[in-house]
Structures are given as structure tokens and as C-alpha cells.
Amino acid sequence: MGADRILEVGTGEGLTAIALSLGLGAEVTTIERDAARARRARENIAAFGCDIRLIEGDAAEILPCLEGPYTIIFLDGPKAQYKNYFQECKRLLGHGGLLVSDDVLLYGWVRGDPPKKRRMLIEHIREYLNLLQSDPDFETQIFEFGEGVAVSKKL
Ligand SMILES: C[S@@+](CC[C@H](N)C(=O)[O-])C[C@H]1O[C@@H](n2cnc3c(N)ncnc32)[C@H](O)[C@@H]1O
């Protein structure tokens, strides 16, 4: 799809950002709230010689400050917040772009019966999936690999 500008929410230690940067040669921006993880990610990015923009802070505050369009947005941060990021992701994504949301099925709990202490989180994820699947500006497919990945194309 000629992905040239990618945004990731939740850098972790930089694994996916580095893979996307090296594999696709895309311009990658990634957001991480945890200072220790951001530091590790910066070290890893430097070790691989990648040119990645890492923004340290809370995605809820940073997303409204970014300028689109992005070709891919990879949501891999706090699952309970995905629905709160959705409108900003929609604004930032170009037409034909992909919103890739990771871990949307979590151990099968989202489509089944979650343990009591995980019910609130699962409810947030279900609301997010409903939002995605009912939005006429997106075409969404959910893949059952890993903990579930939703791939939503902006029409
Ligand atoms: C699953 S890990 C990301 C893994 C990474 N995407 C990868 O594939 O290598 C989720 C990350 O989201 C970060 N995170 C959690 N809440 C966040 C927030 N509000 N804003 C930005 N990052 C956040 C966590 O600190 C954690 O490092």
C-alpha cells in the first residue's frame, strides 16, 4: 500500500517501530508514556541506526497535537483507551489508510466470558470494536492471530 508515514501508540522498547522503519523504509512516529521504556527504545533505535521520532508522554495529550495524514496507525498502547483515541486516529489517518488495533480479543475474553476482574477492560474493548465496526467511514476485519488484531481501512 506504499506506507510512507506510520504512527504507533505504545512504543514499548521499540521492536515494532524498528521493524516498520527497517522493513518498509517508512517515516515512523511512536508515542510512549513510560520513561524507562522510552529510554530503552531510544537505545534500541540508535543501535539499529533508525531514524524514528519517539514522543514521550501520554498519547491522549499527544495525538491532538499531531498532523496527518498517516498511512498506517498502529494502536498498541492501553487497550481501555482505544475508544478515546478513535476520533483522533480517524482525523490523522489518510483515505485508504489502515488503523491496526492490537490485542482486541484478549485470550478469547472479548467474545466469551471474561474473569470478573477483567470485565471492565473487556467492556472497553467491546465498545471500541462496536465503534470501529459501526463507523461507515471504515471497513474493519478482525483477525484471530495472537490476541486478535483489528484492521480497519479508512474509506
Ligand atoms: C504492548 S506495549 C507496546 C509494544 C510495542 N508496540 C511493540 O510492538 O514493540 C504497550 C506500551 O504502551 C505504553 N503506554 C501505556 N499507556 C500509554 C499512554 N497513555 N500513552 C502512551 N503510551 C502508553 C506502555 O508503557 C507500553 O510500553
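**Strands, crossovers and salt bridges**

Lys90 is buried, its relative accessible area being 17% (buried means under 20%, exposed over 50% and partly exposed in between, with a 1.4 Å probe and protein chains only). The model is predicted, so local features need pLDDT of at least 70 and side-chain atom pairs count only at pLDDT 80 or more, while totals for chains, interfaces and linings use all residues. Residues are numbered from 1 along each chain as its sequence is written, and side-chain values use heavy atoms, with hydrogens and water left out.

The side chain of Lys90 meets that of Asp135 in a salt bridge (2.9 Å, N to O), a term for a side-chain nitrogen of Lys or Arg within 4 Å of a carboxyl oxygen of Asp or Glu. This pair links distant parts of the chain, 45 residues apart: Lys90 in helix H4 and Asp135 in the loop between helix H5 (119-134) and strand E6 (138-143). Helices (H or I, at least four residues) and strands (E, at least two) are DSSP runs, numbered from the N terminus. Asp135 counts as buried at 10% relative accessibility.

Helix H4 (residues 82-92) also belongs to a right-handed β-α-β unit with E4 and E5; right-handed means that, with the strands pointing away from the viewer, the path from the first strand over the helix to the second runs clockwise. All six residues of strand E4 (residues 70-75) are buried. E4 pairs in the parallel sense with strand E5 (residues 93-102) over five bridges (pairing requires at least two DSSP bridges between two strands), and Ile73 stands opposite Leu99 in E5.
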